[in-house]
Amino acid sequence: MTNLKTIRLARAGLRLAAIALTIWTYGTAAASAAEARFTVSFDASFRSEPLTGRLLVVVTDKAGAEPRQQIGMYGAPIFGIDLNGLRPGESASLGAAAVGYPVASTAKLPAGDYYVQAIVEPYRQVHRADGHTIWAVSHPGQGVPFAFPGNLYSAPVKVHLDPAAGFDVRLKLNQIIPESRQPDTAWIKRVRVKSEILSRFWGMPIYLGANVLLPKGYAEHPDAHYPIVYLQSFSADPFFISDKPGPSPEDAALRDANLQTGYEFFQSWTWDKFPRILAATVEQPCPYFVEAYSVDSANCGPYGEALTKELFPYLEKKFRAIGKPYARFVEGASTGGWESLALQLKYPDYFGGTWTFNPDPISFRHYQLIDIYKDDNAFEVPLSSWMHAERSMKRTVEGQVLLTIRQLSALEAALGDKGRSGFQLECWEAIYGPVGEDGYPKPLWDKATGRIDHSVAAYMRDHGYDLTDYTERNWATLGPKLRGKLNIISGDMDWFYLNNAVYDFQAMIEKMGGPDYPARFVFGRPKKGHNWHHKDWAGVVQEMAAQALGNAPAGENTAQWHY
């Protein structure tokens, strides 16, 4: 959701340096009465092809970082429209009819001095294997929305805006976000491979990747083979490891989550007596989100199949993993938490255990605070025929509401239509939900009214994305295969109310397996929020190594894991 998730995105190399702001005293052209608009264009010398995609104009009163770097839940006002084949030299007008957040319209901006910038996320027409032809994000990759390599943007402009008087700010697209990939190091090897399975589905190249952390002595012991853990974490370096002793921007968030800093973990990892295993963060970008949630999906394609048949076997062969279930684990937090549990449930014979931290909703009776099967409206809780309460999306550990479902829906509506916002709610709809008649994800609820489509909710449940329901319905086969493999950890005051779904899952396990069923649930108390961990990274790795050691078959050379 955020915090460590944001860190993982930033560590993926997509934090963009701010450039000097261009100040235009002549940045506004004469506008007809009461028109509040931005006019965006590009020259043939910059791009020769017509441009289809999502255009955003970002307006901020804060100097420093570029406006495009201030997009977010609490960020600068944004206004969005679709571009459909805009040609070089032509202009697109974004005015009061554009979808805005958190300011609803350009006409409602308070008069004042602002920095403004245009950015476009290009779309590409694809002919999917399911027969649908759609326009999808051209360069699915790692990062936050509108920070993908290949996105186009203009120079920032300082202007005075007064909607009552009218304005027409002219912005020219003339820059592009470059590809940015970190180099290999002595400890981290970066792998990126084309997935034939996913490329066939999408009709365009789709790449999977990983950052692989090698154990100490890897090069000196060429015959050794190791357990491996797959970390579902936006392709950051595993465990945020860093061989640099100085402080880093992530340290405060890591300590708040009860974790080591990157350098502290490096000291553990290189300790002579530390277990020798491989750790790989997984890169699985989808045109609808930076993560495809490790499962097969009608909208996103067969990512579960691609991971288990293409990427994981490739990594295990290349980096000398043992390649057997007892020595193959999954781990993840937040989005990665859902992914880690889903992989263990969907492929119970393939993995030897999951360490799942504060997962995205694993019961859709607590889709955050929404019961998508019973509730009629995602935005409101009916209190009486006269009153309703707004449904919260995010809180502090003290309970203060920080964002509502209505507000996040409005943000996503501004970022893109047809499920292409690249943000959280529409990501879930793309992963879990059905394909609409137009070929795009069918919304679970209307982003303007909050009205829930229960046919979509039923599809999500019936196709196995409600992990609590899925496990209960398949308990006869899953129960024996999951014994001792489930480690699910959550704070009791998760910022996004995700602990409620974990309680549902725990109650289901106790109902189906009995009170002695070997599954571990740990809840941090009191007031432990999102990304809380029961142990630091070194402790988690030691738990995994101990489980591999305990489940190793007779005759296995486990000494090679310690040298």
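1. A residue is called buried here when its relative accessible area is under 20%. The structure is a predicted model, and the points below should be read as remarks on that model.

2. Phe240 has a relative accessibility of 2%, so it counts as buried. Its position is in the loop that runs between strand S15 (228-232) and helix H3 (251-256). The backbone deserves a look: Phe240 is not a glycine, yet its phi is positive, at about 55°.

3. Ser334 is a further non-glycine residue with a positive phi, near 65°. It sits in the loop between strand S19 (328-333) and helix H6 (335-346). Because its relative accessible area is 1%, Ser334 is buried. As background to this point and the next, most residues other than glycine have a negative phi, and most peptide bonds are trans.

4. One joins Tyr101 and Pro102, with omega at about -10°; Pro102 belongs to the loop between strand S7 (99-101) and strand S8 (112-127). Another runs from Arg525 to Pro526, where omega is near -10°. Pro526 is in the loop linking strand S26 (520-524) and H13.

5. Helix H13 (residues 537-551) also takes part in a helix pair with H4 (residues 262-269): their axes come within 9 Å and cross at roughly 35°. On the H4 side the contact is made by Phe265, Ser268 and Trp269, and on the H13 side by Trp537, Ala538 and Val541. Sorted by class, the contact comprises five nonpolar residues, one polar residue and no charged residues.

6. How many residues of helix H8 (residues 424-432) are buried? Nine of its nine residues are, and the helix is described as mostly covered. The buried residues include Glu426 and Glu429, along with Gln424, and also Leu425, Cys427, Trp428, Ala430, Ile431 and Tyr432.

7. Leu383 is located in the loop between strand S21 (380-382) and strand S22 (388-390). Is Leu383 buried or exposed? Its relative accessibility is 52%, and the cut-off for exposed is over 50%, so Leu383 counts as exposed.

Conventions. Residues numbered from 1 in each chain as written. Predicted model: local features only at pLDDT ≥ 70, side-chain atom pairs only at ≥ 80, totals over all residues. Heavy atoms only, no water. Axes fitted to C-alpha atoms, helices over the stretch in contact; angles between N-to-C directions. Helix = DSSP H or I, 4+ residues; strand = E, 2+ residues; numbered from the N terminus. Contact = heavy atoms within 4.5 Å. Nonpolar A, V, L, I, M, F, W, Y, C, P; charged D, E, K, R; others polar. Buried < 20%, exposed > 50% of the residue type's maximum accessible area, 1.4 Å probe, protein only.
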